[in-house]
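Colleague: Could you pick one part of this model and take me through it closely? I'd be glad of the cut-offs behind each term as you go.

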Amino acid sequence: MARVRTGVRVMGAVLAVVLGASLTGCSSTGGKRAEERAAAEAGGRSAVDTPRWTFAMVTHSGDGDTFWDIVQKGAEQAAVKDNINFLYSHDAEAQQQAQLVQTAIDKKVDGLIVSLAKPDAMKAVVAKAVKAGIPVITVNSGSAESKEFGALAHIGQDETIAGEAVGDELDARGREKALCILHEQGNVGHEQRCAGAKKTFDGTMQNLYVDGTNMPDVTASIEAKLQSDRSIDAVVTLGAPFADAAVQAKQTAGSKAEIDTFDLNAKVAAGLQDGRLGFAVDQQPYLQGYEAVDLLWLHRYNRNVLGGGLPVLTGPQIITADDAKALADYARRGTR
């Protein structure tokens with residue numbers, strides 16, 4: 001079983017009894033095809049006869065981010081089950097993300113799900129949604145700001161706790177000098193992860209900022225650092241797509257550093273099994289999307305609220321080679 005950091009309180013998933021009509025909302029990963037896929041995987045039918053409410057999810061994802069594909073997949077499948085018209089949009093630029101939220105408000109959606117990677121840029125528009133009577137759930141980033149901004153609940157992992165779990169794991173593996181790769185400047189969650197790791201890591205840890213929109217640059221930056229400092233014995237990336245870049249950089253640099261990462265996908269699961277990666281930190285993105293939609297449905301239907309004012313934690317779980325074997329099939333189908 002995956003190890004969970006002592007003291008982390010992971011609240012149980014909400015179990016909603018809900019049915020499904022097929023999805024008609026738009027999505028950024030294929031529009032109607034994505035809707036049809038979600039409907040097929042959810043059985044194509046809903047379990048409820050509640051009104052066909054419209055929920056919008058607006059995230060800070062960039063294009064091609066496999067993590068957010070998994071979040072979206074969970075949300076889509078819950079939407080089919082819950083008879084929800086689901087709208088998904090995203091933009092890595094904070095001001096553009098805020099504008100997408102404003103668009104959702106203008107459409108008078110019945111519920112809103114947002115990520116708060118750059119909370120200062122999102123505060124005013126989230127306040128507008130709350131003032132307009134739209135229930136808001138925050139996911140993934142922004143656990144510290146969620147309640148202050150007026151959201152019903154936050155679903156995700158505590159980034160500081162997740163970072164602390166990484167520091168503990170590096171200690172357990174006897175590492176002495178680590179590199180923390182930040183691929184999105186200004187993302188408060190990323191800063192919290194690296195700061196948490198530094199707090200519990202007995203060795204030394206340096207931050208390396210890279211341009212996450214340019215993967216060759218990411219690889220070159222990590223390679224240069226590993227070549228210039230042979231004492232680095234661990235590299236921690238903050239997203240699954242960047243783990244592969246770090247592995248390539250390690251090989252080219254002739255480094256012996258262990259590559260570890262946040263988040264899980266099929267490539268990471270394979271890398272854990274064949275030894276290219278040491279461990280991964282899973283925050284269960286499918287669960288974040290699925291439970292956000294489910295909780296909004298429960299609130300609209302029954303005024304339920306989960307968390308009691310505290311974040312609903314979906315992680316962290318430290319995933320190793322032994323765990324990856326059991327999760328590989330789920331990762332390949334895109335739900336872990």
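Modeller: Happy to! Strand S6 (residues 153–156) and S12 run parallel and are paired over two bridges; pairing here means that DSSP finds at least two bridges between the strands. Within this pair, Ile-155 has Val-312 of S12 as its bridge partner. This is a predicted model, so a local feature needs pLDDT of at least 70 and side-chain atom pairs count only at pLDDT 80 or more, while totals for chains, interfaces and linings use all residues. Residues are numbered from 1 along each chain as its sequence is written, and side-chain values use heavy atoms, with hydrogens and water left out. Helices (H or I, at least four residues) and strands (E, at least two) are DSSP runs, numbered from the N terminus.

S6 and S12 belong to an open sheet of six strands, in the order S3-S2-S4-S5-S6-S12, with parallel pairing. S3 and strand S12 (312–313) are at the edges with a single partner strand each, so one side of each has no neighbour in the sheet.

Now to the other end of that order. Strand S2 (residues 54–59) and S3 run parallel and are joined by six bridges. Phe-55 is the residue opposite Phe-86 in S3. From S2 the chain passes through H2 to S3 in a right-handed β-α-β crossover; right-handed means that, with the strands pointing away from the viewer, the path from the first strand over the helix to the second runs clockwise. Although S3 is an edge strand, five of the six residues of strand S3 (residues 85–90) are buried, so S3 is largely enclosed by the rest of the structure. Buried means under 20% relative accessible area, exposed means over 50%, and partly exposed lies in between (1.4 Å probe, protein chains only).

Next come the helices on the sheet. H2 lies across S2 and S3, and runs at about 165° to S3. H11 also packs on the sheet, where it touches S2, S3, strand S4 (111–114), strand S5 (136–139) and S6, and its direction makes about 160° with that of S6. Contact means heavy atoms within 4.5 Å; axes are lines fitted to C-alpha atoms (for helices, over the stretch in contact), and angles run from 0 to 180 degrees between N-to-C directions.

These two helices also meet each other. The axes of helix H2 (residues 66–81) and helix H11 (residues 285–302) cross at roughly 35° and come within 7 Å. On the H2 side, the residues in contact include Phe-67, Ile-70 and Val-71, and the H11 side includes Tyr-286, Tyr-290 and Val-293. By class, this contact has ten nonpolar, four polar and three charged residues. Ala, Val, Leu, Ile, Met, Phe, Trp, Tyr, Cys and Pro count as nonpolar, Asp, Glu, Lys and Arg as charged, and the others, Gly among them, as polar.

The loops on either side of H11 deserve a look too. Gln-284 sits in the loop between S11 and H11 and has a positive phi of about 55° although it is not a glycine. Gln-284 is buried, with a relative accessible area of 17%. Arg-303, in the loop between H11 and S12, also has a positive phi, near 55°, and is a residue other than glycine. Arg-303 is exposed, at a relative accessible area of 58%. Pro-316 lies in the loop between S12 and strand S13 (317–319).

Finally, let's follow the chain back from H11. S10 and strand S11 (residues 280–282) are parallel and paired over two bridges, with Phe-262 opposite Val-281 in S11. S10, helix H10 (residues 266–274) and S11 form a right-handed β-α-β unit. Strand S9 (residues 234–237) pairs with S10 in the parallel sense over four bridges, and S9, helix H9 (residues 240–253) and S10 form a right-handed β-α-β unit as well. Five of the five residues of strand S10 (residues 258–262) are buried, so S10 is largely enclosed by the rest of the structure.
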